[in-house]
Amino acid sequence: MDAAQQEATARARELQRNWYGEPLGALFRKLIDDLGLNQARLAGVLGLSAPMLSQLMSGQRAKIGNPAVVQRVQLLQDLAGQVADGSVSAAEATERMDEIRKSQGGSVLSNTTQTTNGSGAPTVKRVVREIQSLLRSVAAAGDIIDAANTLAPTHPELAEFLRVYGAGRTSDAVAHYQSHQN
C-alpha cells in the first residue's frame, strides 16, 4: 500500500469513527466475535456483499450507503449486548439474526417500533435503547457489571444505573425508568 492509499484509508477510518463511533473494522470484528459469526455470515445478515463488507472493514470504503444496513448494524449491536449479558441464548440469537437479515429497515432515525409519543418527544424505549447502545459501544456487559460493582460502595445510584441500562434488558430498563418517575 503506497502513502496515498494509506492516507485515504486513515481518512476513511476517521470518518467512520465520526459517523459510527469507531472504525467499522473494529465494530464488525466485535460483532463477529460476540455473535460467533464469520465475515460471510455477517455480510449476509447485514445485506451486504462480502467484498463490500471487506472494503468497509479495511477502510477502502468509508460509508454504509444503505440506511437499512445501518439499522441492521444497530440491531446486531443490541443483540450482541443481550447475548453477552445472558438474556439471549445462542439459539435465540441465531433466530433473531435471521429476522434482522429479513428486516427492510426504515429511516436511520427510527426503529421498527414507535419512536415518538404524541408530542413528538422520543419514547422511553427509544431513549433507553440509545443509552444501552452508547454504553455497550464502549464496554462489554461483563465490563459494565464489573464497573458497577466497583462503584457500588461509594456511588450506589450510578452502579444501579450501569447494571440496569448497561447490562440489563431493554424492558427492565424501561420499567426501572418508569418506576423512578413517580
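**Charged pairs, cores and rings**

Lys 30 forms a salt bridge with Glu 22, with 3.1 Å between the closest N and O atoms; a salt bridge here is a side-chain nitrogen of Lys or Arg within 4 Å of a carboxyl oxygen of Asp or Glu. Glu 22 is buried at a relative accessible area of 11%, whereas Lys 30 is partly exposed at 36%. Buried means under 20% relative accessible area, exposed over 50%, and partly exposed in between, with a 1.4 Å probe and protein chains only. The model is predicted: local features need pLDDT of at least 70 and side-chain atom pairs count only at pLDDT 80 or more, while totals for chains, interfaces and linings use all residues. Residues are numbered from 1 along each chain as its sequence is written, and side-chain values use heavy atoms, leaving out hydrogens and water.

A search of the whole structure finds 5 salt bridges. Side chains of opposite charge can pair when their charged atoms come close. Asp 98 forms one of these salt bridges with Arg 41, the closest N and O atoms being 3.3 Å apart. Asp 98 belongs to helix 6 (residues 90–102) and Arg 41 to helix 3 (residues 39–46), so this pair ties together parts 57 residues apart in sequence. Helices (H or I, at least four residues) are DSSP runs, numbered from the N terminus. Asp 98 is partly exposed at 28% relative accessibility, and Arg 41 is partly exposed with a relative accessible area of 28%.

Another salt bridge joins Glu 7 and Arg 11, whose closest N and O atoms are 3.5 Å apart. Both residues lie in helix 1 (residues 3–20), 4 residues apart, or about one turn of the helix. An α-helix has 3.6 residues a turn, so residues three or four places apart point the same way. Glu 7 is exposed at 53%, and Arg 11 is partly exposed at 48%.

Now to the nonpolar side chains. The largest nonpolar core has 26 residues, and those with the most contacts inside it are Phe 28, Leu 42, Leu 46 and Leu 76. Helix 2 (24–35), helix 3, helix 4 (50–58), helix 5 and helix 6 each supply at least two residues of this core. Such a core is a set of buried Ala, Val, Leu, Ile, Met, Phe, Trp, Tyr and Cys residues joined through side-chain atoms within 4.5 Å. Leu 76 touches Leu 31, Leu 35, Leu 42, Val 45, Leu 46, Met 97 and Ile 100, not counting residues up to four places away in sequence. A second, separate core of 10 residues includes Ile 144, Leu 162, Tyr 165 and Ala 173.

Ile 144 is also among the buried residues of helix 8 (residues 141–151), together with Ala 141 and Ala 148. They cover an arc of only 60° around the axis, which puts them on the same side of helix 8; the arc is that of the directions from the helix axis to the C-beta atoms. These buried residues pack against helix 5 (67–84), helix 7 (124–138) and helix 9 (156–166), where contact means heavy atoms within 4.5 Å.

What remains is the aromatic rings. The whole structure has 2 aromatic pairs. In one of them, Trp 19 and Tyr 20 are edge-to-face, 6.3 Å centre to centre with 80° between the planes. Rings of Phe, Tyr and Trp (its six-membered ring) pair if their centres lie within 6.5 Å; planes under 30 degrees apart count as stacked, over 60 as edge-to-face and the rest as tilted. Trp 19 is partly exposed at 45% relative accessibility, and Tyr 20 is partly exposed at 22%. Lys 63 lies over the face of Trp 19, at 5.8 Å from the ring centre; this requires NZ of Lys or CZ of Arg within 6 Å of the ring centre and within 35 degrees of the ring normal.
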